[in-house]
Amino acid sequence: GGPVIIVGAGHGGYQVAASLRQAGFSDRVCLINDEAHLPYQRPPLSKAYIKGSAGPESLMFRPEKFYADQKIELIAGRAVSIDRAGRRLHLASGEMLDYGHLVLATGARNRLLDLPNANLPDVKYLRILDDSEALRKIMPSRTRVVVIGAGFIGLEFAATARIKGLEVDVLELAPRVMARAVTSEVSAYFQARHREAGIRIHLGVQATSIEAEDGRVTGVSLSDGRHLPADLVVVGVGVLPNIELAAEAGLPVAAGIIVDEYLSTADPDISAIGDCALFASPRFGGSLRLESVQNATDHARCLAARLTGDRKPYDSHPWFWSDQGDDKLQIAGLTTGYDRVVLRGDPAKKAFSAFCYRGDKLVGIESINRAGDHMFGRRLQGMDRSITPEQAADESFDLKSALA
Ligand code: FAD
């Protein structure tokens, strides 16, 4: 019993608070928010939001009235330490909050580029609303952007910048784009599509320095000796989970805050969810740390259920999406550790799915402009079923028959 205090008002934190109230939780719920906005959706920051002219209110999960009506206390501030013995959270303001249960939903922060001039105002990152606002403001006065990192966020931004008329170069150290996350078939498709759009993609190279004059960026030098002119640099080289609060309180951390399959830390009064959590997954046979809206939201629902008496291990199926230019990528399952990829549909027709198998088992599906395949994959996984690689490759095989 007692108050639930939630550190971080992003996707996970917001959802825990909302789900607790939905389940009838009646004690105090506080959401500690260190951003100067009501809780909002992050995915549009590198997609529609940066393209359009809608105001920040278009991103908010709920208007201010919702929090008042639901008695969710939004507390502006930053948590700085946890007194576990006293079950008390300390904020930077000096304020202290007693908790019955503490939820760490601190997310992740951008990995910073370790190069001279990387802290100039023309070098931008994309994580929070203020980052996206800053880019939106600066872009109309820029003509050439170098994007460092061809992950989801770098490519989403690159596609948008190109549509906005900028010259775009993308640098990637790996031999293909989104190498950590998708099959080489899907990488190849996106490389071709972005290049068709006029984006120059440089693979197997690194930025070695950022040149500037009078505090303004003028270009980027590459590890292969080339130099690219630029008046804007956008960095998307991954994130670091925010684990320090947990670590300083003596909770076990590794590549995330370590939690069990119930999302509990070593301290039964403290849980961690979302991007910051390294959670035990019996289904996937190990520990996972995922960075997705699905993961943060489903973690939040699982935890809120536990705190209101419905204790079950976390066992949701991962899914994800990314919009790049006119293409929509959707991923169902975890497309890692596969040994065979089967295509359904035709990349030349801009609509296909990569079905990934480990042995006979379908582990995940990457769909491009094939929402039906994606939804099929999620439903099939929910039923713990599979289809054979031969069925997947055969467009005359009716997917629905596998769900019957
Ligand atoms: P977050 O949403 O990051 O929230 C954590 C919050 O905690 C932040 O507000 C942070 O400031 C705050 N915080 C940290 N420490 C403290 C502290 N000590 N005190 C108080 N507050 C603190 N996922 C998808 O599935 N699809 C997409 O298309 C997609 N696109 C994305 C595009 C961008 C530009 C970004 C940045 C992310 C995208 N993601 C996408 C990932 C997704 O947004 C994250 O996985 C998700 O937000 C994780 O939720 P979270 O609650 O764990 O962390």
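The legends below describe close-up views of one predicted model.

Local features are given only at pLDDT of at least 70 and side-chain atom pairs only at pLDDT 80 or more, while totals for chains, interfaces and linings use all residues. Residues are numbered from 1 along each chain as its sequence is written, and side-chain values use heavy atoms, without hydrogens or water.

**View 1. An open sheet of five strands.**
The strand order is β22-β23-β26-β25-β24, with antiparallel pairing. Strands (E, at least two residues) and helices (H or I, at least four) are DSSP runs, numbered from the N terminus. Two strands pair if DSSP finds at least two bridges between them. β22 (319-324) and β24 (340-346) stand at the edges with a single partner strand each, so one side of each lacks a neighbour in the sheet. On average, neighbouring strands are turned by 15 degrees against each other, direction ignored. Axes are lines fitted to C-alpha atoms, for helices over the stretch in contact, and angles run from 0 to 180 degrees between N-to-C directions. Helix α5 (residues 152-163) packs on the sheet and touches β22 and β23 (327-333). The direction of α5 makes about 30 degrees with that of β22. Contact means heavy atoms within 4.5 Å.

**View 2**
β25 (residues 351-358) pairs with β24 in the antiparallel sense over seven bridges. G345 has F352 of β25 as its bridge partner, and R340 has Y357. Four residues separate the strands in this hairpin, where K350 takes a positive phi near 60 degrees. β25 also pairs with β26 (residues 361-368), antiparallel, over seven bridges. There, R358 is bridged to K361 of β26. This hairpin has two residues between the strands, and G359 takes a positive phi near 60 degrees. Six of the eight residues of β25 are buried, so the strand is largely enclosed by the rest of the structure. Buried means under 20% relative accessible area, exposed over 50%, and partly exposed in between (1.4 Å probe, protein chains only).

**View 3. Q294 and its surroundings.**
Q294 lies in helix α8 (residues 293-307). The residue is buried, with a relative accessible area of 3%. Its side chain makes a polar contact of 3.2 Å with that of Y314. A polar contact is a pair of N or O atoms within 3.5 Å; within protein, one must be able to donate a hydrogen and the other to accept it, and residues adjacent in sequence count only if both atoms are side-chain atoms. A polar atom of the Q294 side chain also lies 3.4 Å from the backbone oxygen of H317. Neighbours within four places in sequence aside, Q294 is in contact with Y314, S316, H317, P318 and W319.

**View 4. The largest nonpolar core.**
This core has 51 residues. A nonpolar core is a set of buried Ala, Val, Leu, Ile, Met, Phe, Trp, Tyr and Cys residues joined through side-chain atoms within 4.5 Å. I5, I6, I82, L89, L102, L104 and I273 have the most contacts inside it. Helix α1 (residues 11-22) gives the most to this core, with five residues. Apart from it lies another core of 38 residues, among them L45, L135, V168 and I201.

**View 5. The cysteine C276.**
C276 is buried, at 0% relative accessibility. Its sulfur is 15 Å from the closest cysteine sulfur, in C302, too far for a bond. The structure holds zero disulfides (pairs of cysteine sulfur atoms within 2.5 Å).
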